[in-house]
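Here is a short report for a reader new to this structure. Look it over first, then read on.

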Amino acid sequence: MSWMESLIDFVRKYRLLVALLVLGPPLIYLAIYFFAPFLITILYSFGFIGRRGVITWEFTIKYYQQALRWVYLKVFYNSVVLAAITTVGSILMAYPVAYFIAVKAPKKWKNLLVVSVMVPYWVDFLLRTYALMNIFTMLKMMFTYEAVIIGMIYDYLPFMVLPLYANLEKLDKSLLEASYTLGATPLKTFLKVTLPLSKPGIASGTILVFVPAIGEFIVPSMLGGVSVTTIGTLTWDLFLKFHNWWRGAALSILYIAVVLVTLIIYMRKVGELEI
Amino acid sequence: MEMMEKAEYITSEVEDMVVLRNIVKRFGKVVASDHVNIEIKRNEFFSLLGPSGSGKTTLLRIIAGLEKPDEGVVILEGKDVTNLPPYKRNIGMVFQHLALFPHMTVFENIAYGLRLRKFPEDEIKKRVYDALELVKMPPEVFAGRKPSQLSGGQQQRVAIARALVTQPAVLLLDEPLGALDLKIRQHMMLELKRIQRTVGTTFVYVTHDQGEALVMSDRIAVIHEGRVEQVGTPYEVYEKPRTKFVANFIGESNFFEGILRNGAVETSFGLIKVISDIQSGKKVVISLRPERIKVGKAAGDAENRFEGKIKEIVYKGDVLIVMVALDDVEVKVNVPTTHPEARKLEEGEIIAVGWNAGDEAGVFELEAE
Amino acid sequence: MSIRDKVMGLYSAFVYAFLYVPILIVIVFSFNESRTLGHFTGFSLKWYQVLLEDKVVWVAFYNSLNVAVITTLVSLLLGTLSAYGMIRLDIGGKGAIDSLLYVPIIIPEIAEALSLLLFYKFSGYDLGWLTVLLGHIAFDISFVYVVVRARLAGFDRSLEEASLTLGANEVQTFLKITLPLSMPGIIAAALIAFTLSFDDFIKTAFTTGPGFQTLPLIIWSQSARGGVGPELNALTTVIMAISMTIAYIYARLTMEKQ
């Protein structure tokens, strides 16, 4: 046991060193392979880095000016519209389902119903979008805006159901009964009790759907083809087709800025994000 | 004087199982223990009683070694253990939420401490079975079960068996009955007392429930805002509370304020005779238990006798709770339902109430405000 | 059940069908004898036969598995370390560290992917196996952290205290109580790390180089311009079967805790 005691002594005496040994490796890893790349992206977007990765020290905002040109702003606008449609659509589809699982479904079914939503949640969009391609090909709907919208809702639906369910599950059912005994109809009860109390769930779901949906690439690209352009497809093209990394970097930084602002507003208003 | 105090400590430490000397513990700005001194004797059932947030659990955790005091000394069996971790102190502990290891069976839970002490396997089995017998859990039935397959009361018994099986010098219990239903709680109170008598181990019991403390304890320390208000037998803390807080916290009391002059207190509704050695002219408060007040004819020859109107009568089965207005003060009186006049009492009636000077639970000086 | 409840149940059934029918169709047509979409002419395993004989698919499968397994092991180690550190260490600045560990989950994948690409280009990495792997790990550490941390946070601290009072020192307590009780969380985290890496597309697409292909990349390149076909259905069925099985085990594990 003596090695254990010396270990315990060591931990007690060198608390900071131990913290460094435990938290150091993961944080250093993230610093190198997550945060440093963003720094590099910022440098690219201001033109600090030229061709072949040489540092030029020539600061310029021209890539941002390019990224804010009317064509690109329109793409931004289209992406936000598409994300908004996706969000509203998935709320409309997800809310009754989440409510059904949380409040109405028989106990023994509950777990299965939740698990059935969690499974697609963890499967990559590529696979699930490919699955949709079969149907759209049969229906001759490929490369239409409708197909993109249905695909977006299809892919993002689990991201809306789960936070809504988590919220409604916590809802005290006796509040509904109290409302009934006070003379409210089920509809009134829903509008006056359930809906207001589930706002944090709706907010969480909205963040989880809206923010990534703005930058969605897979769905518009696979189902929309060249007919639908979003920030996601634009970024992809700038990087992997045209190799215009500087403009792409500026576009990406703008997108991240939008994401962060949205998140900060959300955190201020609602608080914790449930994932 | 100093010498004498020292000498006393040395002799008392021999028979004292746990000694807390001048314990101070702060959490940030909150003082959880404020110069606490307690001596707990061998084989004693000792309770730390106080409202939630009074610092009683902190004291227990300091004895266990789960918290380190900022100042002061912890002595276990005459040995200074202040700087020893829990696993080097000879203690057992029953936690508020029991803390049974969910991934182990009842047997493994109880054997845990024995295994760490490297007992041979047949000895472990014998001791675990004995411990289960002690807490009245037939080993053949329960040894193989997981904690989740037990009722609340059964989990309680396993937690006690686990803590006792290593034969600790002291068993520390942190409100272990809190989560149980009333009936099971009452039953477990008697069981705990029986187990304590059987094994003879010193029990230190933390509770906010005065009923539990009064029923089980040999002695009680009443804790309030990190300080010890009074240490005494259940009889002493109930009948002879030393502070107003104790009188108020343990049992129920009527409180009358007034100025003490010549063995009587001038209150708003009249003079009350008291027995007290507080200086004349001081502002005091009298504590009087509702069951000590006589009513009707029985109040006739009492030293303190008043008349007042009955404001309210509440039937509680064994007693009537009668609220009597003496001028602007309402007095609570417990009248046994067997009292000859009990059935005749009616709200709105005028009634006599009375008690003798010695019946008061205490007279306490009020601090100047 | 009232009529209203029945309508809601029916609606929910419709939504579940919406989620699962497309997946079922892929599976069904992967067993279709003919190429024609929409007509099931007979049961056949021939498309799986084609897959089995396709060397490119085998290499990609090996690559996907290789990256996913190493990613899982490394991110499990680093993520679990950070979760334990954050829960148990008594140090300042925890809030800030916690936010840092959360960022990779919040930032959209495409933004992260392109920044990795720029970073690799700038630092002179050769794109391929290593660059894909390093990117997957960076992303998965955070997921492992969140899952293990949630498990540890829901853990009754008095279990460890009980162990200390029963005579176990801190190391023994960790080995006999803390580790076994956090195992379900660690396993769940491993499963999630594996699926996220195994079927990842965007990050892989940005950070891979010539000659290094994973299964999702094959699906992408073959389905481009709307090319659905039975071979691809068979391949998708295989990847989905793996991902969904693992996701299912993960979901069950996390549900049990409640």
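## Chain A: overall form

Chain A has a radius of gyration of 24 Å, while a compact globule of 275 residues would have one near 19 Å. The model is predicted. Along its principal axes, the C-alpha trace of chain A spans about 75 × 75 × 35 Å.

Chain A holds 13 helices and zero strands. Its elements, read from the N terminus, run α-α-α-α-α-α-α-α-α-α-α-α-α. Of its 275 residues, 44% count as buried. Now take the contacts in chain A between residues at least 6 apart in sequence: 71% of them join residues at least 24 apart.

## Which chains touch

Chain A and chain B have no contact. The closest C-alpha atoms of chains A and B lie 11 Å apart.

## Chain C against chain A

Here 75 residues of chain C are in contact with 71 residues of chain A. Several helices of chain C give two or more residues to this side, including H3 (55–88), H6 (129–153) and H11 (230–256). Which helix gives the most to the side of chain C that touches chain A? That is H1(C), with 15 residues.

By class, this side of chain C divides into 52 nonpolar, 15 polar and eight charged residues.

## Chain C against chain B

## Domains of chain B

Chain B is divided into domain 1 (2–244) and domain 2 (252–365). How far apart are the centres of the two domains of chain B? Taken over C-alpha atoms, 39 Å separate them.

The domains do touch. Five residues of domain 1 of chain B are in contact with five residues of domain 2 of chain B. On the domain 1 side, these residues divide into one nonpolar, one polar and three charged.

How values were computed
Residues numbered from 1 in each chain as written. Chains lettered and ligands numbered in written order. Predicted model: local features only at pLDDT ≥ 70, side-chain atom pairs only at ≥ 80, totals over all residues. Domains from an automatic or database assignment. Contact = placed C-beta atoms within 7 Å. Nonpolar A, V, L, I, M, F, W, Y, C, P; charged D, E, K, R; others polar. Helix = DSSP H or I, 4+ residues; strand = E, 2+ residues; numbered from the N terminus. Rg over C-alpha atoms; globule rule 2.2 N^0.38 Å. Buried ≥ 20, exposed ≤ 12 C-beta atoms within 10 Å, placed from the backbone.
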